[in-house]
Structure formats: structure tokens, C-alpha cells
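I opened this notebook to record what I looked up about aromatic rings and the charges beside them.

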Amino acid sequence: MCAVKDPTSLESGCTIIPENRWKKDPLFSCCCNLFIKDILDLRPYPSGSQECVFVYKNHPIRWVTTMGIIVKAEEKAKFHIYAVDDGTGVISCVCWKPKEDFNLRSNGEDGAQSLIERMENWHLEQLSCLEIGDLVNIRGKLIIYREMKQISAFSYGKVVDPSHTLEVRGMQDQVLRYTSVYDNPLKSTEHSGIKDQGTEGIKSMEGISQEVAEKILLVSTREKYQNFHLYELETVPDIYKVCCQPCEEFINGKENGEKSPPSEQIALALKNGVKHLLEKGHIFKSKRDRGLLHLTTANKDLRDVTCRILRAECRKQEYINGCQFQHLYNNIKTRTDFQYLTHSAMRNLLNSLEEQGLVISCNNYQFLPVR
Amino acid sequence: MSSFSSTNIPPVAEICHIHEDIFSQERKHTKRIRIIGRLQEKDINRHTVVLTSPVTQPNVKHSSVKVCVKLIYPFEARLGSLYETIVEVLQPEEDGNLHAHTWRCMDGLDIIMYYKGIQMRREYFSQQNINQAVPDTG
């Protein structure tokens with residue numbers, strides 16, 4: 001005896017997509033043409049806090065569209081309820097009536113008023129023309145009302161097609177959509193940039209760039225570099241090795257790592273790694289030599305200039321209790337060599353001087369030199 | 001807002017062909033079916049019509065069905081036209097008739113493409129059943 005698995009449940013091999021990545025799935029933003037029997041079997045998405053988002057394979061579904069025959073109809077004051085049958089299941093659809101107070105009425109010419117009235121009457125005729133046995137196309141949001149699924153329609157209408165091609169083509173296209181789109185689970189990547197199933201070791205460019213930045217700092221500190229050019233980093237074996245890791249943006253569908261990584265990957269990884277270090281203030285650019293990058297805490301000239309300016313300013317009456325950060329920063333930036341020094345680099349430098357015992361930080365982000 | 005309760009919603013109407021055995025063991029639990037047929041005869045006094053299969057099938061036992069259209073109002077039908085109807089399958093011992101709940105003219109339909117669409121659906125569902133069947137380990 002065999003048990004039949006629920007096709008809409010999360011199968012093994014389908015990872016749950018976190019809620020902040022649902023927008024990357026195109027099915028989340030479109031009306032999915034599912035069979036009604038599958039719509040009725042949908043369950044709420046496990047990782048979601050939003051109501052009325054359901055799971056098919058691991059796709060988040062909120063809007064659906066269906067074409068079927070009306071098998072039951074009921075009219076209420078503000079809406080119609082239709083039970084629609086597509087041959088696989090029956091679902092009830094709530095179709096709201098248009099508002100009676102039509103704000104576009106003009107008080108002017110008779111021609112404009114009669115046109116609006118004719119449009120209203122035509123629309124109401126269309127609504128009242130939906131009867132049992134009519135083929136309708138309904139698009140709407142899937143909701144749960146009193147523990148039953150129903151479609152709250154935002155678009156509905158009778159299918160008027162003398163040759164019935166829409167209906168026949170719709171049946172065939174629906175099966176094709178299932179095989180090509182709906183039944184293929186969405187693959188997810190973790191935030192660290194590493195793929196979680198079957199493709200271990202492949203990282204995103206963001207992950208590789210961060211590793212390159214850390215490696216550059218490590219090598220610079222170990223080898224006691226004071227400055228470097230971008231192109232010189234490629235010649236360092238440790239840094240080059242990190243750049244050559246398999247990257248998901250550059251992988252060409254080949255699973256073995258025999259092919260060497262493209263030069264664009266290495267250049268991009270180094271460029272992004274250096275960008276990270278600039279943003280965090282570990283390095284700063286040189287004014288005289290544009291390609292030269294200086295390490296903030298290893299630059300002796302910068303250290304000496306900072307200490308000298310601090311001692312000079314703290315002799316003045318207004319800075320006797322300490323020189324403020326912004327004043328010190330503005331003074332240092334007047335020097336030609338340090339015009340490209342950033343705030344974060346300045347902070348790193350002052351922290352480093354304090355660790356060495358050359359500077360003391362006071363209240364209100366002020367600094368005093370140690371005499 | 002309101003909705004139909006689970007008891008009010010009509011059962012699903014499975015799409016069938018007239019030449020298939022409607023009262024077979026496979027469809028023992030089917031309460032409603034949807035069929036397409038060409039109108040061959042109509043009896044206004046008894047409110048019955050005879051629908052024949054739109055595609056001639058050699059060596060086929062069931063090529064026509066008798067349908068009671070008492071519930072269809074207004075009932076308009078032309079002999080020779082193609083119609084689609086959702087019928088309720090009652091027990092054959094009672095009157096052998098299928099009672100129609102909906103009636104739709106399908107003149108202009110490409111019947112071969114329609115049958116192809118139904119065949120694609122059935123193949124997809126049978127493939128899904130094969131993929132989802134989990135062998136019992138007990």
C-alpha cells in the first residue's frame with residue numbers, strides 16, 4: 001500500500017525562503033494560474049508573518065487567477081459570491097460590486113454625463129449577466145474566511161470567446177506553466193553567500209571581497225607595509241588565493257574547478273576589498289600618487305603630524321581641556337599629503353595612538369596629547 | 001463578507017468524454033461530470049435530450065448519453081450543435097438519466113485541441129501521482 005504525499009507541502013530538497021527574499025520570486029508578484037484543487041490544498045508559508053501568503057513547492061503565493069464555470073451564484077448587498085469549477089475543484093469567489101457614488105460625474109455638459117451613465121449601466125449589466133453556467137476568468141487575492149479558502153477578486157468577467165480558443169489554450173498553457181515554472185522550487189542562498197545544497201564552497205562576490213579585505217590587512221600588518229598599489233596585491237600569493245575562490249557570479253555552470261577563474265573576478269574582488277578597507281578607514285588614498293594607498297595606523301608621517309598639531313593646539317587657551325575631533329581633522333586635512341583622509345581613518349588613527357599611549361581621549365570627543 | 005459553507009459548495013465536476021464509461025468502478029465516487037456532445041435528439045415533453053460523442057470512435061460501447069434538462073431555464077438548443085453540460089450522476093437503477101445543471105453552447109470549438117488539452121491535464125496528473133506515491137516501509 002502506498003501513501004500519497006501532499007504536492008503542496010515542502011518536499012525534501014526545497015528550502016524555506018526567508019520572508020525578506022520573497023520579492024525575488026516572480027510568483028510572489030504575479031497572479032498564479034494554479035488548479036483549484038492545488039489552491040485548496042495550499043498551506044500558509046512556514047517562515048512568514050504575513051497572513052494570506054501560501055506555499056506551493058517553496059514558492060510564496062498570494063494572488064491567483066482561475067478560469068472556470070460558475071456552478072453556484074449568490075448576490076449580497078455589496079458583492080456577489082460565485083462558486084467556480086475548473087474541472088479539478090470548486091472554490092468560492094467574492095466579487096465586489098462597483099461603488100454607486102461615482103465621483104467622476106461632471107456637472108457640466110449633457111454629453112459627458114450620459115457617457116458616464118452609459119458606462120455605469122454597461123458595467124452593471126456585465127455584472128448582472130454572470131449566471132450559472134457562464135465561463136468566467138477571475139483574478140484575486142487568496143484569503144481564508146471561516147477556515148475556508150476563497151478568492152477576493154480584484155478583476156473578474158465573463159469570457160466571451162466565440163471560437164473558445166482562450167479556454168482551450170488556457171488548459172494547455174496551464175500544464176506548461178506547471179512543468180516549467182511552478183513545479184521548479186526556488187533555490188535560495190544564505191546571507192553569508194554560501195549555497196546550502198549540493199554546491200558547497202561557492203561564495204558570492206560580496207563574501208569573497210570581505211575575505212580579501214581581511215587578508216590584505218593581515219598581510220600588511222605581518223609584513224609591516226606602509227603603503228601599496230592595487231596591482232601589487234595580485235602578486236601576494238595569500239591574497240591571490242582568496243581572490244581565486246569559486247564565485248557564483250562567475251561560475252559558468254561547470255561544477256569542477258579545473259578552469260581558472262577569469263581575470264575580471266580577481267580584479268573585481270581586489271577592487272571591492274580595497275573599497276571595504278577605505279570605507280572602514282583602514283587605508284586612505286594619497287594625493288600625490290593617485291594609485292597609492294596608505295595604511296592609516298602604519299603611516300609614520302600621519303602619526304607625527306597628528307601628535308604635533310595636537311600639542312600645538314592644546315597650548316591655546318580654548319583647547320586647554322582637549323582638542324576637538326573635528327578641529328583636529330580639519331587641521332590635518334590642510335596638509336597636502338592627507339587631503340583624502342576620511343573621518344573613519346581619523347578615528348582609527350586616534351584609537352591606535354591611544355593604544356600606544358600617545359593620546360588621551362576626554363569627554364565630548366576631545367583629545368589631549370601625552371607630554 | 002460571506003462565503004459558501006463546506007456543505008453548500010457543489011462537488012467538483014470531473015471532465016469526461018461521452019465514449020468513456022461514466023458508471024465504471026473508477027468513477028464510483030464521482031457525483032458530477034462535465035461532458036461535451038452533439039445534440040442528436042430532444043424531447044420537449046419529457047425534458048430529455050440525447051448527446052452523442054463529437055468524435056467518432058471505432059468499437060466504442062458508449063457513444064451517446066441521455067440527459068434530463070428539466071433544471072435548465074431558459075432551455076435553448078439546436079439539433080446538431082455542440083453543447084457542454086455539467087451533469088449529476090445519479091444511480092443507474094433509478095432512471096438511468098443524467099440531470100443537467102449547466103448548459104453551454106460550444107459551437108466553433110476545435111474539438112481536437114480541446115481533447116488534446118484534456119489529455120495533457122490527465123497525463124500531468126498521472127505523472128504527479130507517480131512522483132508523489134511514497135512506498136510503504138512497513
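Predicted model: local features only at pLDDT ≥ 70, side-chain atom pairs only at ≥ 80, totals over all residues.

Residues are numbered from 1 along each chain as its sequence is written, chains are lettered from A and ligands numbered from 1 in the order in which they are written, and side-chain values use heavy atoms, with hydrogens and water left out.

Looking up clusters, I found that ring pairs join A:Phe35, A:Tyr56, A:Tyr178, A:Tyr182, B:Tyr124 and B:Phe125.

I then looked up the total, which is 18 aromatic pairs over all chains. One of them is edge-to-face, with A:Tyr56 and A:Tyr178 at 5.9 Å centre to centre and 85° between the planes. I checked burial (under 20% relative accessible area is buried, over 50% exposed, in between partly exposed, with a 1.4 Å probe and protein chains only). A:Tyr56 counts as buried at 1% relative accessibility, and A:Tyr178 is buried with a relative accessible area of 0%.

Finally, I looked up charges over rings, which require NZ of Lys or CZ of Arg within 6 Å of the ring centre and within 35 degrees of the ring normal. The charged end of A:Arg62 sits over the ring of A:Phe28, 3.9 Å from its centre, and A:Arg62 also lies over the face of A:Trp63, 4.2 Å from the ring centre.

Definitions and conventions: Phe/Tyr/Trp six-rings, centres within 6.5 Å; stacked < 30°, edge-to-face > 60°.
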